[in-house]
Amino acid sequence: MTLSRILIANRGEIALRIVRTARDLGAMSILPYTPEDLMSPAAELADEAYALPEGSSYTDAAAVLELARATGADAVHPGYGFLSENADFARSIIEAGITWVGPSPEAMDSLGDKMSARATAERAKVAPVPGITDSVTDADTVISFAATHGYPVALKRTDGGGGRGITVLHNDDEVRSTPAFESAALGGGTLILERFVTAARHIETQCARDSHGGFAVVSTRDCSLQRRNQKLLEEAPAPFLPEGVHDRLVEASRRLLETVDYVGVATCEFLLTPEGDLWFLEVNPRLQVEHCVSEEVTGTDLVEVQLRIAEGGHLSEFNEPRGHSLELRITCEDPSRSLAPSTGAITRLRWPAGPGIRIESGVTEGDVVTPMFDPMLAKIVVTGSNREQAIARARRALRETVVEGVTVCTALHAEVLERSAFTTPDEAGRLTVTTRWIENEVLPDLAEAASSQSDGSQAACEAVANPRTRSSYIIELNGRRMQLTLPDGILAPTNPARSFSQRSNRAQPLRGRSGGAARSPRGTTSGDNEATFSEPGVIAAPMQAIVTRICVEPGQQVFQGDLLVVLESMKMENYVHALSDGTISEIPVSAGRTVSAGDVLVRMSTPENDSEEA
């Protein structure tokens with residue numbers, strides 16, 4: 001079986017990444033898109049691009065499946081995020097007679113959430129972080145566990161991911177007052193409990209296993225540099241591992257994948273403590289954002305590996321890692337403000353080049369970054385003959401990088417690459433950085449040293465006249481993206497200055513879609529993005545976000561501090577509580593809706609506004 005028409009159920013840099021491998025292999029790439037992505041680089045380079053139905057998004061499994069059927073796709077590649085770990089979507093693709101580029105739905109179910117993954121690890125005789133695998137529903141269970149294992153502990157939603165749904169607790173009082181139990185119960189979620197490991201490196205293996213039982217670890221990776229449990233810098237192979245750890249990683253990964261008869265590529269993630277403990281975290285049943293560094297040190301195209309496995313082929317021999325590779329995630333976050341999100345139009349963009357530099361990006365100048373989804377603009381992948389050369393090249397790459405209009409995290413990367421804790425092992429030959437190093441040491445130093453200097457330009461891009469006699473425009477005809485070439489001026493002959501700009505003001509919500517909501521006329525937003533209202537009893541959104549759960553209903557009596565609404569912005573959950581006692585009178589929003597800062601979430605009848613009406 002040879003796959004020839006591959007639908008890519010994703011967007012942005014990963015969609016573009018898959019398009020390129022499909023072209024290398026002589027296959028046709030098919031890309032669904034939403035209105036924001038009509039002008040995207042991925043849609044531009046795909047062989048065919050089709051609009052999803054109005055109101056649909058990349059998580060609309062039925063719409064994506066119907067498009068796969070309608071376009072004659074013989075395979076669906078989910079990339080990462082969105083539907084990539086949705087076992088029901090995988091089942092629907094397989095039942096439709098289309099090849100699913102990923103593991104079986106049964107393997108996904110076994111690894112799909114933190115509870116089932118812990119149970120799988122226990123069956124595979126791979127030790128997870130000490131914890132409770134069964135559902136945790138009350139404070140007494142947590143307090144009893146902490147009495148044996150100590151604080152801090154972490155309550156984790158089993159359906160969480162990317163650092164979301166984790167509540168770290170440091171004492172009995174925090175356990176008794178945490179809203180995590182209430183939030184999980186109201187949202188239908190499940191919590192497990194683990195000891196929170198405060199000092200450890202995050203080590204992972206890039207694995208592959210075919211349908212014939214062939215297994216390989218392509219490379220190890222170190223992903224310890226994180227903020228809010230999300231990765232910022234990754235490297236391959238994992239440097240300065242203690243003796244014997246590499247073999248333990250390979251064997252544990254083999255057992256995990258064999259236990260669920262896994263077929264495809266996967267990443268097995270572990271925590272390595274200074275004492276040498278190796279704790280299992282999770283298996284990601286898909287391609288990872290940081291897969292590029294494993295490709296660079298082994299000369300492997302992991303998307304090609306995925307497609308060959310999906311066709312039923314055998315794994316080829318992988319090269320032993322040579323040299324060293326770093327991946328810098330360029331995110332729209334301000335290091336001087338504890339990586340607060342930054343939004344706006346990208347007015348100028350220049351990526352580095354030269355020896356050892358690879359850029360993975362799905363944005364261009366003129367894109368508008370919203371705060372709704374993953375804040376990553378691009379990945380700068382830097383490779384050298386050894387770690388020292390890779391670090392030197394990464395420093396050079398950062399000096400060449402120019403992003404204006406939004407604040408990005410390049411200053412944080414530059415700081416990290418100069419610190420000896422990252423660049424040099426200790427006397428025992430081990431790295432001392434841990435998953436908390438960025439938050440505990442680097443960010444506080446950057447915040448202290450921050451000045452009012454801003455190198456982001458807010459000037460709008462000027463339209464430039466096209467001197468050619470003909471111009472090409474991207475149009476959508478009957479739901480299909482096409483290119484139209486016309487003589488200049490034909491679209492607006494009486495006002496040539498009103499020409500089309502191919503990439504002006506294009507919304508770029510980054511691996512997702514913004515629904516956009518009308519702003520309440522009563523709200524105003526202060527400089528720190530906190531909404532203020534003059535109307536008593538009004539609870540407003542403090543930021544642009546997605547409403548993930550509504551925890552109350554009209555007519556319900558609530559008390560000060562009760563949880564009302566849960567929001568999600570840039571992968572972080574934010575809890576909105578009642579500011580006073582009262583009765584819920586109106587809830588103008590619904591779960592799944594996008595709200596702006598200042599939008600009304602809840603209106604309450606309170607003693608204060610009751611007295612005003614009287």
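Guide: The second largest cavity is lined by Pro 78, Gly 79, Ser 84, Trp 100, Val 101, Gly 102, Pro 103, Met 108, Pro 285, Arg 286, Leu 287 and Gln 306. A cavity here is a set of points, on a 1 Å grid over the protein atoms alone, where a 1.4 Å probe fits but cannot get out, and lining residues have an atom within 4 Å of a point. The model is predicted, so local features need pLDDT of at least 70 and side-chain atom pairs count only at pLDDT 80 or more, while totals for chains, interfaces and linings use all residues. Residues are numbered from 1 along each chain as its sequence is written, and side-chain values use heavy atoms, with hydrogens and water left out.

The volume of this cavity is about 50 Å³, taken as the space filled by probe spheres set on the points, with grid points joined across faces, edges and corners. Over the whole structure, the search finds three cavities of 30 Å³ or more. The lining comprises seven nonpolar, four polar and one charged residue; Ala, Val, Leu, Ile, Met, Phe, Trp, Tyr, Cys and Pro count as nonpolar, Asp, Glu, Lys and Arg as charged, and the others, Gly among them, as polar.

Two of the lining residues, Trp 100 and Val 101, are also among the residues touched by Val 76. Contact means heavy atoms within 4.5 Å. Leaving aside residues up to four places away in sequence, Val 76 also touches Leu 7, Ala 9, Ala 68, Phe 89, Ile 93, Ile 98 and Thr 99. In the largest nonpolar core, which has 57 residues, Val 76 is one of the three that touch the most other members, along with Leu 7 and Leu 31. Such a core is a set of buried Ala, Val, Leu, Ile, Met, Phe, Trp, Tyr and Cys residues joined through side-chain atoms within 4.5 Å.

Trp 100 is buried, at a relative accessible area of 7%; buried means under 20%, exposed over 50%, and partly exposed in between, with a 1.4 Å probe and protein chains only. Phe 89 is buried too, at 2%.

Three aromatic pairs are found in the whole structure. Rings of Phe, Tyr and Trp (its six-membered ring) pair if their centres lie within 6.5 Å; planes under 30 degrees apart count as stacked, over 60 as edge-to-face and the rest as tilted. Tyr 58 and Phe 82 form a tilted pair, with centres 5.3 Å apart and planes at 35°. Tyr 58 is buried, at 3%, whereas Phe 82 is partly exposed, at 24%. The rings of Phe 89 and Trp 100 have centres 5.6 Å apart and planes at 85°, so this pair is edge-to-face.

Key:
1 Å grid on protein atoms, 1.4 Å probe; cavity = no way out; pocket = protein on both sides within 12 Å on 5 of 7 lines; lining within 4 Å.
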